[in-house]
Amino acid sequence: MTNHEIARRFQQIADILEIQGENPFKVRAYRKAVETIEDLDDSLADIAARNGLGDLPGFGEAIISKTQDFLDTGTTALWDRIKDSVPSGVVAMASLPGIGPKTAKALWDALSVTSIDELEKAAREERIRTVAGFGPAKERNILEAIERGRRLRERLPLYVVLPYAERMVAALRGRPEVTQASVAGSLRRRKETVGDIDLVAATTDPTAAATAFATLPGIVEVTERGTEKVTGLSDLGLRVDLRLSRPEDYGALLHHFTSGREHNRELRLRAERQGLKVNEFGIFRTSDDVEVFTGADENEVYVALGLQAVPPELRDRNDAIELAEKHALPVLITEADFRGQLHEHSNYSDGSATVRQMAEAAMARGYEYLAITDHSASLRIANGMTRDRHLRQLDEIAALNEEYAGRFTLLTGIEADILADGSLDCDDDILERLDVVVGSVHIRFKEDEAAMTRRIVTALSHPRLRILGHPTGRLLGRREPYPVDIDAVIEAARTHGKVLEINASPDRMDLNDVYARKAKERGVKITVNADAHSPAGLGLLAWGLFMARRAGLTADDVINTYPLERLRA
């Protein structure tokens, strides 16, 4: 199980226990475990392998034992005992932000509602206001919570679904009759949220491969079975489609079911103009249906049509085929292009590692530099730095830079809260000393669009701010972006020569690809950072890279691919 899956299971255990009236201290222990897991950069599997579970905050003997059970078997005795004790729909009600277990239990008891749909019906019929302790205002809040929850959950975050789907692919590749397998669809195009799971496989025995589908990890039901397509339901609640082909047709299959509908339509039109037809089985002459392309390499589909191969991440662009005709697609940024990262944390605020440990992890990745940008004082929940602590950190970084001279450079910095009036939460004399000032919004998300836009645009005019961190504040699957006029923000960044961040934290991936592409088109530079809170967290860069590649960014568009001298300039 992944970190997310184990955290979700602990959250469900906590909700069920609270609904049942269990000891609050026991409930709190599971909620603390969820918070700890959500803050991890490392996988629980890796931590367990080095016997490190006991070092995690809130991980006592009981939590460690259950975590190990989940890692080893996918379940634990407590979960098996209680999972059916409360209707699943009531647990789903309890999981909605703004409702919670106590409200879910009260309404279950009073109105016998056992699902979100029944809860919504009761609210629209104005029955909730008749329950003691409730009224019209709470009724309205419940409807808003349901609507907000549906918006957030109709598609699941990439970071939840991709590792889940890749376990299915690994299981397929282990089958003797399967020669190749891959994720496809929006997962392979690396969209930040997905509504279903598409898989493709080449097989020498379609019947055996179709039968094996039911044994894939996470499949709870098979709803359709054939020799070319198998469909089922996963325990994430997402539909899973597996498409099967002969090994010699795999390239066409992978291409077709990776590309979106519009991209495939444009390819079909181009093929028709050449007297050809293209589909998931290959490329054929229209006149006699003779196949002119077969093979396992999907890029050959483009070559056969006289086009530059389009990377999966660019296939949602409406100009992709036009650029491919001109052989003018951008050379997309890769992880190998990065010289360092510019938004990372140490144990001076809410990171788990020392500055030295973060520096050594960066050097191990081949970086030339790393900026330490711990939280400013007002963000107390993240152990924001006091002035004295920040001054001590500056002295430590200076000493380390003497030690690392000629090999590596630590850049001084801060992630300063953007306050309600647009000012930065840091003394000006300290800001003057720093190499990198990241400004981010962490509180007061409910301001209206005009106020939030004014706040961020004001911050971008500050002479010392360099980077706007996670610019829309979204948390995928948990919190929608705050209301902000992103066009005005991009224009302010252009006017003041500031850099916008793609924050690679998997639950952020913020900026998204649409906004990052807009920034590029207006000449605004981008930085991609893991926002790491541990040495392992530097490896989360890949999640931001997905957005950068979907935006069509090259290495020159992203400032932390630059050598240090160019970066400083």
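1. Helices (H or I, at least four residues) and strands (E, at least two) are DSSP runs, numbered from the N terminus. Contact means heavy atoms within 4.5 Å, and axes are lines fitted to C-alpha atoms, for helices over the stretch in contact, with angles running from 0 to 180 degrees between N-to-C directions. In those terms, helix H18 (residues 387-403) lies across strand S12 (369-372) and strand S13 (409-417), and runs at about 160° to S13.

2. On the basis of the note: this is a predicted model, in which local features need pLDDT of at least 70 and side-chain atom pairs count only at pLDDT 80 or more, while totals for chains, interfaces and linings use all residues. Residues are numbered from 1 along each chain as its sequence is written, and side-chain values use heavy atoms, with hydrogens and water left out.

3. Two strands count as paired if DSSP finds at least two bridges between them. Seven strands form an open sheet with parallel pairing, in the order S11-S12-S13-S14-S15-S16-S17. Strand S11 (340-344) and strand S17 (526-529) are the edge strands, each pairing on one side only. Within this order, strand S15 (residues 467-468) is joined to S16 by two bridges, and the two run parallel. Ile467 stands opposite Val499 in S16.

4. The three-stranded sheet. A further open sheet has the order S8-S9-S10, with antiparallel pairing. Its edge strands are S8 and strand S10 (291-293), each of which pairs on one side only. Neighbouring strands of this sheet are turned by 35° against each other on average, direction ignored. Strand S9 (residues 282-285) is joined to S10 by two bridges, and these strands run antiparallel. Phe284 stands opposite Glu291 in S10.

5. The hairpins. Strand S5 (residues 219-225) pairs with strand S6 (residues 229-234) in the antiparallel sense over five bridges, and the two form a hairpin with three residues between them. Opposite positions here include Glu224 with Thr231 in S6 and Arg225 with Val230 in S6. S6 also pairs with strand S7 (residues 239-245), again antiparallel and over five bridges. This second hairpin has four residues between S6 and S7, and Gly237 in the turn has a positive phi of about 90°. Thr231 has Asp241 as its bridge partner in S7.

6. Packing of H8 on H9. Which two values describe the packing of a helix pair? Two packed helices are described by the angle between their axes and the distance between the axes. For helix H8 (residues 116-124) and helix H9 (residues 136-153), the angle is about 145° and the axes are 9 Å apart. H8 passes H9 in a left-handed crossing; a crossing is left-handed if the near helix is turned anticlockwise from the far one by less than a right angle, and right-handed if clockwise. Ile116, Asp117, Leu119, Glu120, Ala122, Ala123 and Arg124 of H8 make the contact with Glu139, Ile142, Leu143, Ile146, Glu147 and Arg150 of H9. By class, these residues are seven nonpolar, no polar and six charged. The classes are as follows: Ala, Val, Leu, Ile, Met, Phe, Trp, Tyr, Cys and Pro count as nonpolar, Asp, Glu, Lys and Arg as charged, and the others, Gly among them, as polar.

7. Packing of H21 on H22. The axes of helix H21 (residues 486-496) and helix H22 (residues 513-521) come within 10 Å and cross at roughly 35°. The crossing of H21 past H22 is right-handed. Ile486, Asp487 and Ile490 of H21 meet Tyr515, Lys518 and Ala519 of H22 in this contact. Its residues divide into four nonpolar, no polar and two charged.

8. Backbone points to inspect. The peptide bond from Asp510 to Leu511 is cis, with omega near 20°. Leu511 lies in the loop between strand S16 (499-503) and H22. Arg190 is not a glycine, yet it has a positive phi of about 65°. Arg190 lies in the loop between helix H11 (185-188) and strand S3 (193-194).

9. The cavity. A search of the whole structure finds one cavity of 30 Å³ or more. A cavity is a set of points, on a 1 Å grid over the protein atoms alone, where a 1.4 Å probe fits but cannot get out, and lining residues have an atom within 4 Å of a point. The volume of the largest cavity is about 70 Å³, where grid points are joined across faces, edges and corners and a volume is the space filled by probe spheres set on the points. Its lining consists of Ala252, His255, His256, Asn264, Leu267, Arg268, Val278, Asn279 and Val301. Helix H13 (250-258), helix H14 (261-273) and strand S8 (276-279) each supply at least two residues of this lining. The lining divides into four nonpolar, four polar and one charged.

Notes:
1 Å grid on protein atoms, 1.4 Å probe; cavity = no way out; pocket = protein on both sides within 12 Å on 5 of 7 lines; lining within 4 Å.
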